[in-house]
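The following questions and answers set computed values against the definitions behind them. Please consider the structure below before reading on.

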Amino acid sequence: MRENKQKDIFDKDIHTDFLEKMTYGDYLQLGPLLTSQKRLSGHHDEMLFIIIHQVSELWMKLILHELEASINLIKNGELSPAFKMLARVSKIQSQIIQAWDVLSTLTPSEYMEFREKLGQASGFQSYQYRMIEFMLGYKTKHVLEIYKKDKQLHDELMDAFKKPSIYDASIFALSKAGLDIPDDVLNRDFTAPYEYHQSVENAWITVYKDVEKYWDLYELAEKLIDIEDWLQQWRFRHMKTVERIIGHKKGTGGSSGVGYLKKVLDHRFFPELWDVRTKL
């Protein structure tokens, strides 16, 4: 009797014959995805370390997908559809930040059991993270040296390195709206890190003082602030998780570890958007 009740909960129309049809696992390519966790040690917790970083890289892939589309939309003056994508980026960032909570369950003693197996491999070498930095306007040419072993990847990074960032596209949008932005800002060297400019701050002040007139630009500004805010929270959680697990040891990639991560907390992607809050 119990067996019959168990069968009744299943819908009779559910497909069960997949000999010649695509399954959920086929569509998501779960075979290669779930067999790509290759532990180099026999330690139980290395699986945690690998999966956390792989999941973060998948989220970063989606961030890049959304940012690239947003930049193109902003360049074309289509701000409204870009807002949905930028809001999605912020939600993704919140997921990546929460991943640090899971990784922080790894204790110093447990990590030391397999850390040497990483060699010089480090999250510092994440090319997708570099792509995100480039798209947000932080360009550092020397990091490109890391990727020379893979010509195709190096070429992709170099292409992103040369392109205008989302903030450059936003400054173009300010100019298109009739706000005064000098040519030397609009036509700057996009391979250089973005630096504060008074004209850009003045333009954003105008936007924030007349929200009704410049509603789209105002909303764009707030979406950008959301993204930088979440990114800095991600950086902070990264730094504290590293400090919790390895203290002030050097990173496997040769960086100063916590010392380096503390320095990048001071970097601002969209300086005028932060300064305008003081000036209003």
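Q: Which helices each supply at least two residues of the lining of the largest cavity?
A: Helices H4, H5, H7 and H12 each supply at least two residues of that lining. Helices here are DSSP runs (H or I, at least four residues), numbered from the N terminus. The model is predicted, and local features need pLDDT of at least 70, side-chain atom pairs pLDDT 80 or more, while totals for chains, interfaces and linings use all residues. Residues are numbered from 1 along each chain as its sequence is written, and side-chain values use heavy atoms, with hydrogens and water left out.

Q: What makes a space a cavity, and what makes it a pocket?
A: On a 1 Å grid over the protein atoms alone, a cavity is a set of points where a 1.4 Å probe fits but cannot get out, whereas a pocket is an open set with protein on both sides within 12 Å along at least five of seven lines. Lining residues have an atom within 4 Å of a point. The structure holds one cavity of 30 Å³ or more, and the largest cavity has about 120 Å³ of space. Among the residues lining the largest cavity are Met60, Val89, Tyr129, Ile227 and Trp234.

Q: How is the lining of the largest cavity divided by class?
A: The lining has eleven nonpolar residues, one polar residue and no charged residues. Ala, Val, Leu, Ile, Met, Phe, Trp, Tyr, Cys and Pro count as nonpolar, Asp, Glu, Lys and Arg as charged, and the others, Gly among them, as polar.

Q: What volume does the largest pocket have, and which residues are the closest to its centre?
A: About 1,300 Å³ of space lies in the largest pocket, a volume being the space filled by probe spheres set on the grid points, which are joined across faces, edges and corners. Of its 49 lining residues, Phe49, His53, Ser122, Gly123 and Phe124 are the closest to the centre. H4 gives the most to this lining, with nine residues. By class, the lining divides into 25 nonpolar, 16 polar and eight charged residues.

Q: Which helix supplies the largest share of the lining of the second largest pocket?
A: H4 supplies the largest share, seven residues. The second largest pocket has a volume of about 410 Å³, and of its 19 lining residues the closest to the centre are Leu64, Glu68, Met131, Met135 and Ala160. Its lining has nine nonpolar, four polar and six charged residues.

Q: Why is the pair of Tyr208 and Tyr218 called edge-to-face?
A: Rings of Phe, Tyr and Trp (its six-membered ring) pair if their centres lie within 6.5 Å; planes under 30 degrees apart count as stacked, over 60 as edge-to-face and the rest as tilted. The ring centres of Tyr208 and Tyr218 are 5.3 Å apart and the planes are at 80 degrees, so the pair is edge-to-face. Tyr208 lies in helix H11 and Tyr218 in helix H12, so the pair ties together parts ten residues apart in sequence.

Q: Why is the pair of Trp215 and Tyr218 called tilted?
A: The ring centres of Trp215 and Tyr218 are 5.4 Å apart and the planes are at 50 degrees, so the pair is tilted. Trp215 and Tyr218 are three residues apart in helix H12, and are therefore separated by about one helical turn.

Q: Why is helix H9 described as largely enclosed by the rest of the structure?
A: Eight of the eleven residues of H9 are buried, so the helix is largely enclosed by the rest of the structure. Ile166, Asp168 and Leu174 are among the buried residues.

Q: What makes the approach of Thr252 to Ala121 a polar contact?
A: A polar contact is a pair of N or O atoms within 3.5 Å; within protein, one must be able to donate a hydrogen and the other to accept it, and residues adjacent in sequence count only if both atoms are side-chain atoms. A polar atom of the Thr252 side chain lies 2.6 Å from the backbone oxygen of Ala121. Thr252 is placed in the loop between H12 and H13, and at 19% relative accessible area Thr252 is buried.

Methods
Buried means under 20% relative accessible area, exposed over 50%, partly exposed in between (1.4 Å probe, protein chains only).
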